[in-house]
Amino acid sequence: MDKDTILNNWDLSTVPSPCYVLHETLLAANMEVIDKVRRATGAEVIVALKANAMWSIFPELRQHSDGATASSLAEARLVFEEYGQPAHTYAPVYSENEIDEILSYSSHITFNSLTQYRRFSERARQAGVSCGLRVNPEYSTVETDLYNPASPTSRLGVRSVDLEEWPEGAEGLHFHSLCESRPGDLKGTLVAVEERFGRFFPGLKWINFGGGHLMTHRDYDENELIRILCDFRVRYPHLRVILEPGSAFTWDTGCLVASVEDKVFNGGVNTLMLNVSFACHMPDCLEMPYKPVILGAHEPLPGEKCWRMGGNSCLAGDFYGDWAFDGGREPQVGDRIVFRDMIHYTMVKTTMFNGVTHPAIGIWQPERGFRLVRKFGYGDYKGRMS
């Protein structure tokens, strides 16, 4: 059964609103693709917590990955405590008051600059942590500047022109220039990486291809990815190859369930007022921007009645639109609005701006139905304030 069929036929009547709901069957489908790549290539595929830190599913992810990557002290500790193994850690900058604790939770650590490497790498090696350096290939096919880390002026990674020799003791090279990308994007990136940094490969033990490999997308050709990885490993058999996709593990594995609380008609625009916020609970919709899929709705055709979705924060721009509902249905107060693909890069980026109610988190299990994992309340909001 494909994802469309599953998502259009599950029973959400027992799900509270608002709530993020992950569907176990959809997660299992993604794991099959990731395992296929791991088995066929021998590359290590690790989970990037920056995309999804839902630690209640770590036992499942652990069975279908080779570890996890962290980008902060909190993520590294969560990997160590809940994933049950040390993290591959990279952060744009490390602080003196955190570095020793980060090292205690890490097996690998990547430094963003030569100055950070010189400052902390000896302590890392003394702690038994393998050190790497992030480089900037100055090549990217990412069109949205907000998500492009490989511009010549980027603060992320060291450029080839600034790297006369490889720093002593650095065992790994890390690059990241993809975002929800396809195999052809990786292929072009590898050409740039090898041209600029290939002279250092013989002295390395591992190379980290970063994230952005959206191998579980329906339009992604994982067989082409396998060919690219196998070809690279033939050319550099001594290198451990590591990929750290974020979105791929939980891509299109669940929804954000919301409710219509009011209907507003102003200036010729119909707006459904929801109990969720784009600004607080779906920020990438406004930042990227991108228009999410709503189950039972579609892009309006000429002449169809359109509906804008309005968020419940006081931000004037907390809305998105427009949609038309299947069969000409007119939404009513109390109706459910179900946003598709809201598990990755959603829960990890939410805020409690305005103190608006934060969506609960749950898991849908085909045999047992809905299971509530976490519900948020006033104490969560107050605990973040002073």
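Tutor: Let us begin with a pocket: helix H4 (73–83), strand S18 (369–374) and helix H12 (378–384) each supply at least two residues of the lining of the second largest pocket. This is a predicted model, in which local features need pLDDT of at least 70 and side-chain atom pairs count only at pLDDT 80 or more, while totals for chains, interfaces and linings use all residues. Residues are numbered from 1 along each chain as its sequence is written, and side-chain values use heavy atoms, without hydrogens and water.

Student: What makes a set of points a pocket or a cavity?

Tutor: Both are defined on a 1 Å grid over the protein atoms alone: in a cavity a 1.4 Å probe fits but cannot get out, whereas a pocket is an open set with protein on both sides within 12 Å along at least five of seven lines. Lining residues have an atom within 4 Å of a point.

Student: What is the volume of the second largest pocket, and which residues are the closest to its centre?

Tutor: Its volume is about 630 Å³, where a volume is the space filled by probe spheres set on the points, and points are joined across faces, edges and corners. Of its 22 lining residues, Ala53, Trp55, Met347, Ile361 and Phe376 are the closest to the centre. H4 gives the most to this lining, with three residues.

Student: How many cavities of 30 Å³ or more does the structure hold, and what lines the largest cavity?

Tutor: There is one of 30 Å³ or more, and the largest cavity has a volume of about 50 Å³. Its lining includes Thr69, His88, His108, Trp206, Asn208 and Glu244. Strands S5 (87–90), S6 (106–111) and S9 (206–208) each supply at least two lining residues.

Student: What makes H4 a helix, and which of its residues are buried?

Tutor: A helix is a DSSP run of H or I with at least four residues, and a strand is a run of E with at least two; H4 spans 73–83 and therefore qualifies as a helix. Its buried residues are Leu73, Glu75, Ala76, Leu78, Val79 and Tyr83. Among the elements that cover them are strand S3 (47–48), helix H3 (58–63) and helix H5 (96–104). After H4 comes Gly84, with a positive phi near 85°.

Student: Why is Glu195 called exposed?

Tutor: Its relative accessible area is 62%. Buried means under 20%, exposed over 50% and partly exposed in between, with a 1.4 Å probe and protein chains only, so Glu195 counts as exposed. Glu195 is placed in helix H7 (residues 183–197).

Student: How do you know that S2 and S10 pair?

Tutor: Two strands pair if DSSP finds at least two bridges between them. Val45 has Leu243 in S10 as its bridge partner.

How values were computed
Contact = heavy atoms within 4.5 Å.
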